[in-house]
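Student: I would like to learn how to read a structure like this one. Please take the features in turn.

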Amino acid sequence: GANGGYVSFVLFKRHVTGKGRLEQSTWRLSTFYGFVNYHIKCSKAYMHTRMRKRTQGLLQVLNRAKPDVVKEKKKADGRTFVRNS
């Protein structure tokens, strides 16, 4: 994308020593990309939904603001006239 960036992680000895700590740290680091990617996609979908809803509301306002169309009436002899209100 246009706005790319970098993320760096620092692992200390306490992150990898102990029962299962190395596996936990490895799992979290390896799934971080998918985690961030998922949340970015969800955020985009949410924003697009909000924008569509807002656009739909604004279109309703615009459609309500359209002036009424004056219909021409026909007389019995076929000529047309516009009724003055």
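Student: Where is the place of Thr17?

Tutor: This is a predicted model, in which local features need pLDDT of at least 70 and side-chain atom pairs count only at pLDDT 80 or more, while totals for chains, interfaces and linings use all residues. Residues are numbered from 1 along each chain as its sequence is written, and side-chain values use heavy atoms, with hydrogens and water left out. Helices (H or I, at least four residues) and strands (E, at least two) are DSSP runs, numbered from the N terminus. Thr17 sits in the loop between α1 (13-16) and α2 (21-30).

Student: Is Thr17 buried, exposed or partly exposed?

Tutor: Buried means under 20% relative accessible area, exposed over 50%, and partly exposed in between (1.4 Å probe, protein chains only). Thr17 has a relative accessible area of 41%, so it is partly exposed.

Student: What does the side chain of Ser25 reach?

Tutor: Ser25 belongs to helix α2, and its side chain reaches the backbone oxygen of His15 at 2.7 Å. Ser25 counts as buried because its relative accessibility is 13%.

Student: Where is Thr31 found?

Tutor: Thr31 is in the loop between α2 and α3 (32-64). The side chain of Thr31 reaches the backbone oxygen of Trp27 at 2.8 Å. With 30% relative accessibility, Thr31 counts as partly exposed.

Student: Which residues line the largest pocket?

Tutor: Rolling a probe the size of a water molecule over the atoms shows where empty space is left. On a 1 Å grid over the protein atoms alone, a pocket is an open set of points where a 1.4 Å probe fits, with protein on both sides within 12 Å along at least five of seven lines; lining residues have an atom within 4 Å of a point. Here the lining consists of Phe9, Val10, Leu11, His15, Arg21, Gln24, Ser25, Arg28, Leu29 and Phe32. Helix α2 gives the most to it, with 5 residues. The volume of this largest pocket is about 160 Å³, where a volume is the space filled by probe spheres set on the points.

Student: What pattern does the protein follow along the sequence?

Tutor: The pattern is α-α-α-β-β, which comes to 3 helices and 2 strands. The radius of gyration (taken over C-alpha atoms) is 32 Å, well over the 12 Å that the globule rule (2.2 Å times the number of residues to the power 0.38) gives for 85 residues, so the protein is more spread out than a compact globule. Its C-alpha atoms fill a box of roughly 100 × 25 × 20 Å along the principal axes.

Definitions and conventions
A polar contact is a pair of N or O atoms within 3.5 Å; within protein, one must be able to donate a hydrogen and the other to accept it, and residues adjacent in sequence count only if both atoms are side-chain atoms.
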